[in-house]
Amino acid sequence: MEQQTLFEDNTTQPLAARLRPQTLDEFYGQKHLLGDGKVLRRLIENDKISSMIFWGPPGVGKTTLARIIAHRTKANFIDFSAVTSGIKEIKQVMEQAEKNRRFGEKTILFVDEIHRFNKAQQDAFLPFVEKGSIILIGATTENPSFEVNGALLSRCKVFVLQALKTDDLADLLERAVSDPRGFGDMNVEISRENLETIATFANGDARNALTTLEMAVLNGVIDGDKVTVTQETIEQCTSKKSLLYDKNGEEHYNLISALHKSMRNSDPDAAVYWLARMLEAGEDPLYVARRVTRFASEDIGLADPRALEIAVAAYHACHFIGMPECSVHLTQAVVYMSVAPKSNALYVAYNLAKRDAETMLAEPVPLVIRNAPTKLMKELDYGKGYKYAHDYADKLSTMQCLPDSLVGKEYYMPTEQGLETKFKTRLNDIKEWKKNHSD
């Protein structure tokens with residue numbers, strides 16, 4: 001556990017470090033995990049920590065939570081970095097943890113950026129987690145399903161931390177202005193609206209928000225003992241000429257709506273303009289990429305199946321390199337969506353099926369397509385008469401797959417746009433075949 005020395009001067013630390021929460025009551029956001037009575041809060045307060053992984057974007061409190069645990073636990077707490085440590089360091093720490101275990105002492109090992117460890121390094125933790133030598137707490141910005149070994153992941157509880165809301169960040173910044181650990185000893189004048197401006201541009205990242213506030217205060221207008229932070233100062237510190245999203249978020253939804261409808265109207269110029277408006281205002285590129293991915297199936301679908309591939313590829317490109325470089329990838333995706341043929345047949349199909357699914361919840365699955373893994377199920381005619389399509393020359397059968405009450409119901413009605421014409425022809429051929437071969 002890290003300890004301060006008598007000679008350490010906290011005033012030289014960045015604002016984000018000085019304001020790092022020391023207790024759960026000082027922690028902002030993550031109410032779904034740390035609210036009164038929530039599981040993670042109870043585990044921390046009762047010092048009943050088990051191996052876990054904190055997964056979330058940068059600046060949401062993963063390391064801070066680990067430090068709060070370090071202050072509360074009676075166990076030995078070791079802070080370990082995946083960036084600076086290798087197999088040798090892991091083995092040394094594990095040997096010490098094993099000695100502690102033999103003397104009845106627990107060891108909590110916090111591994112920051114655990115996704116940076118390779119498979120061999122992660123494997124080195126596994127036997128010590130299994131026999132209880134260590135309680136592992138990992139922090140990662142990457143999906144642990146892909147970045148953490150399955151065997152190790154299965155022994156850890158994953159807690160998903162979310163990007164902080166604008167109101168939470170604004171409250172944090174307000175505290176930073178008044179707290180003695182922040183600017184409480186200075187006479188700083190900054191409006192709530194300007195704090196919300198900084199919070200909006202931070203995109204859910206508390207560290208980013210505090211760093212921007214610190215820069216704004218240091219560059220504020222000094223008049224005697226008072227420091228005034230103006231909108232102009234904030235715009236300079238964020239390299240933005242104006243704030244394009246209002247504090248209530250209405251403009252945020254107006255702009256994403258404008259992008260969506262411009263693509264739907266096959267207007268690439270308008271779509272690229274609205275894209276630029278959002279990105280230059282500080283919008284999260286991954287949010288835009290997710291909306292474009294939805295558009296690819298909702299408004300294009302099988303009229304051009306490649307649209308979904310391009311949207312997903314753009315999302316991954318944004319994830320890999322971030323802003324500002326990924327703006328060109330989003331532009332490629334947005335232009336492609338705009339000029340692609342349009343069909344909402346998949347969107348309509350699901351909504352029609354959803355309506356029936358919600359009002360006809362008790363419709364039984366036809367016996368012929370039920371699975372029969374046990375003798376009893378077979379005796380009850382589960383799967384009796386099932387026709388394996390690949391056994392037939394045309395790879396088709398007349399087997400009924402809908403419940404009796406929905407026989408003949410149609411949900412997917414393909415259009416004649418783009419490649420969906422081929423799907424429509426194929427579907428019509430299938431229906432005609434089944435009609436001609438039905439009993």
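Residues are numbered from 1 along each chain as its sequence is written, and side-chain values use heavy atoms, with hydrogens and water left out. Because the model is predicted, local features need pLDDT of at least 70 and side-chain atom pairs count only at pLDDT 80 or more, whereas totals for chains, interfaces and linings use all residues.

Helices (H or I, at least four residues) are DSSP runs numbered from the N terminus. The buried residues of H10 include Leu195, Ile198 and Phe201. Their cover includes helices H9 (166–178), H11 (206–218) and H12 (231–237). Just after H10, Asn203 has a positive phi of about 55°.

The structure holds 24 salt bridges, each being a side-chain nitrogen of Lys or Arg within 4 Å of a carboxyl oxygen of Asp or Glu. One of them joins Asp25 and Arg41 (3.0 Å, N to O). This pair links distant parts of the chain, 16 residues apart: Asp25 lies in the loop between H1 (15–18) and H2 (31–34), and Arg41 in H3 (residues 39–45). Asp25 is exposed at 68% relative accessible area, while Arg41 is buried at 11%. Another salt bridge pairs Asp299 with Arg264 (2.6 Å, N to O). Asp299 belongs to H15 (residues 285–300) and Arg264 to H13 (residues 250–264), so this pair ties together parts that are 35 residues apart in sequence. Asp299 is buried, at 7%, and Arg264 is partly exposed, at 37%. Salt bridges with shared partners also connect Glu26, Arg175, Asp179 and Arg181 in one network.

Asp356, in helix H18 (residues 345–359), is buried at 10% relative accessibility. Its side chain makes a polar contact with that of Lys409 (3.1 Å).

Cys237 is buried, at 17% relative accessible area, and Cys401 is partly exposed, at 48%.

Tyr386, in the loop between H19 (375–379) and H20 (420–437), is partly exposed at 47% relative accessibility.

Definitions and conventions: Helices (H or I, at least four residues) and strands (E, at least two) are DSSP runs, numbered from the N terminus. Buried means under 20% relative accessible area, exposed over 50%, partly exposed in between (1.4 Å probe, protein chains only). A polar contact is a pair of N or O atoms within 3.5 Å; within protein, one must be able to donate a hydrogen and the other to accept it, and residues adjacent in sequence count only if both atoms are side-chain atoms. Contact means heavy atoms within 4.5 Å.
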